[in-house]
Amino acid sequence: MTSVRPAPALDAAPVRRPGPVRFLWLLVVLGLLVALMGASVAIGSRDVGWSEILAALGGSAETMGEAAVTKRIPRTVLAVVVGAALGLSGAVMQGVTRNPLADPGVLGINMGASLAVVAGIAWFGLFSATSIVWAAITGAAVAAVFVYAVGSLGRGGATPLKLALAGAATSAALTSFITAIALPRGDIVENVVSWEIGGVGGATFTGIGTVAPFLVVGFAVSLVSARSLNSLALGDELAAGLGERVALARGVAALGSVLLCGAATAVAGPIGFVGLVVPHLCRLLVGVDHRWLLPFSAIVGACLLTGADVLGRIVARPTELDVGILTALIGAPFFIAIVRRQKVREL
Amino acid sequence: MTATHSLAAEDLTLAYGDRTVIEGLDLLVPPGRITAVVGANACGKSTLLRSMSRLLSPRSGRVLLDGKAVHRLPAKELARTLGLLPQSPIAPEGITVADLVGRGRHPHQRVFSRWSKEDDAAVAAALDATETTPLADRAVDELSGGQRQRVWIAMALAQQTDVLLLDEPTTFLDVAHQIEVLDLLTDLNRTRGTTIVMVLHDLNLAARYADHLVALSGGRIHAAGEPADVLTEECVRAVFGLDSQVIVDPTSGKPLMLPMGRHHTAPRADVLQGTSGS
C-alpha cells in the first residue's frame, strides 16, 4: 500500500489505515481473554478435574473441587472487570495529559483512593460497600487534581516527567499516611495491609455488584471521550481550532478515568502499572486512534490482570501471589524502558 | 467552497493577565484574499490570530465572522467555517498521514457518527491538493519538515473551512520549502477562494504573497493595505526600528526590503548602477 495512489475521483477510495488488521487483532485479544478466563476458572491451588469444573460452572458446589471452582468464578469476573477498568483508565489518562507515563498508579491516584478508604474506615466508620466506593472515587479525584496541579507548576507546564515525579512523591506521602492511620488500629490493620497490596482473591458477586454502576458510568464516559481525545492529542490550540471545547472535553474524560480507577481501587485495592503498560501495547497493535485504542485497552487490561492472577496462583503454589505484586513486577521494568527512551515526548 | 466570509476585529483589546498586548485594534480581513500580518517579535501577531480563532477571549471589543461575534458561536459551527493551524501542533507518535489528515474532519462529525463518504472525499482531496497522497500510509514522524508542514496544511484543508488562519506556517523550513508552502496556500486561495490570514516573519515573502499586508506595532496597526503601500522604509523603521532600503522585487514587482544595519549603512552607488553586487 505504499505505491503512489491515483488522483482521487469523485467517488474517492478510502485512504485510511485498513480496518481488517484491527479487526483481526480484536479477535485475537478477545480469544486470548476467553482462554485466560477459562484458565482462571480451571487453575488454582487445588487441582480440579474437568468434570468438576463443568459441574461447578453449571451451578453445583457439592464436592470440595466444585466449591473451589465456584469461588473462582466471581474472582475471574472481578479480574476481568478491574483489569478492563484500569487499562481503559490508563489509556484515557495518557490521552488527557498527553503523557506516556500517566497511569492511575504512577500518578498516585490509586493511593488517593486508598487513603480515602482507609481514613473512612478508621475514622468515620464507613462500612457500607457503597460508601467505600464513594470515598475511593472522591479520594481519586482529589489526588488527580492535586498531582496535576503540582506537576503543572513552573516552566513548561505538566511535562511527562514532572507529572510522574509529582505522582511518585504524592504516592509516597499518601502511602505513609495510610500506614500512619492503620498501624495504631489493630482492628483494621490486617485488612488494610492485604487490601493495600491489591488483589482479586476475595471477590464476591455482591462486591462486584456494588461497584458495577460506577464502572458502567466510567466505561461509558471514557469511551464517549474517544473522539475528543483524538483532537486533544494534536495540542490544545489545534483541538480548539477543530471545534473542541478543550477544558470541558478534558474534564469529562478525566472524570471517566477517575471513576474507573476509583471504583477499581475500592474493590481490588491499588493495583499499579496495568494502566501504564496496556495502552502502550495497544498502540503497537492498533495505532493512536482512541476510538480503537480505548476499547482495546479495556480488553487487553482484562487479559493482563486475569493472566497475572492465574500466574500468581501457579508460581507460588500451594499459596498465591496477589496480582498487585505481579503487575508491579511486570510494570516496573516497562516503566523504566519508557523513561529511558531517547526522549519522553508528549503523546 | 465559493462562499466568502467577512472577518473583522472591532475595537479589539487583548491581554494576558494585566499585560495588554493588543489595544483598540480595528481590522478588516478582505474576503477571498490573502492577508499577511507582520511585525516585530512580541508585537501581538500571534495573539491577534489566537483571538480571531477564539483561543483567547478579548478583554474588550469583538471579533466578527459574518457580523457575528466568534466568541459566541458554537465551537463546532465556527470550526466548520474558520480553521486554524497553530505554530507548533503536535503529531501523536506513530500516527499516519491519512489518520492525521482525517482528524481535520472533527467539526463535521458527531459523537456517534461514523466515518462517511464525504469524510473520505475531503481527506482524499486534501491529500491531493497538498501532493501528500503518496505519503498517506507513512508515519508523520518519518517525514521531512517540508512534508510535515504540507501534511498539517492538508489537515486544515480536510476541515474544509472557507477561512484559514495560519500562525507562521513557514517557520523551521528552508527557503525552498517556505516557497513551496506559500505557493500551495496561494493555489488554495486562487482555486477555491479560501480567505487566508497568516502571520509571517519574513517581510519580503509577506509582501510577495499577500494581497493585503498588515504591519503591527506595539499592539496597534501601523499600516494596512497593498504591500506596495505598506512596506516602505518609513514603515520598517517605525515597526522594527531598522534602517532599510526598499526596492522593487524584479521577480514579482512587489516591494523588497533590504536591511541595512550598522555595517551597511548606505546604498553603494557603484553597485546600484551595475548588475547585482556581492
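Figure 1. Strand 7 of chain B spans residues 163-167 and strand 8 of chain B spans residues 195-199; the two pair in the parallel sense, over 5 bridges.

**Figure 2. The open sheet of chain B.** The sheet comprises 6 strands in the order 6-7-8-3-9-10, and the pairing is mixed. Its edges are formed by strand 6 (82-85) and strand 10 (220-225) of chain B, each of which pairs on one side only. From one strand to the next, the twist averages 15 degrees.

**Figure 3. The loop position of B:Pro169.** B:Pro169 is located in the loop that lies between strand 7 and helix 6 (175-192) of chain B. The residue counts as buried because 23 C-beta neighbours fall inside 10 Å, where the cut-off for burial is 20 or more.

**Figure 4. Contacts of B:Pro169 across the sequence.** Leaving aside residues up to four places away in sequence, B:Pro169 touches B:Leu85, B:Gln149, B:Val181 and B:Met198. A separation of 82 residues in sequence lies between B:Pro169 and B:Gln87, yet their C-alpha atoms are 6.7 Å apart in space.

**Figure 5. Confidence of the prediction.** For chain B the mean pLDDT is 88, with 96% of the residues of this chain at 70 or more. The model as a whole has an ipTM of 0.83 and a pTM of 0.84.

Notes. Residues numbered from 1 in each chain as written. Chains lettered and ligands numbered in written order. Predicted model: local features only at pLDDT ≥ 70, side-chain atom pairs only at ≥ 80, totals over all residues. pLDDT = per-residue confidence, 0-100. Pairing = 2+ DSSP bridges. Helix = DSSP H or I, 4+ residues; strand = E, 2+ residues; numbered from the N terminus. Axes fitted to C-alpha atoms, helices over the stretch in contact; angles between N-to-C directions. Buried ≥ 20, exposed ≤ 12 C-beta atoms within 10 Å, placed from the backbone. Contact = placed C-beta atoms within 7 Å.
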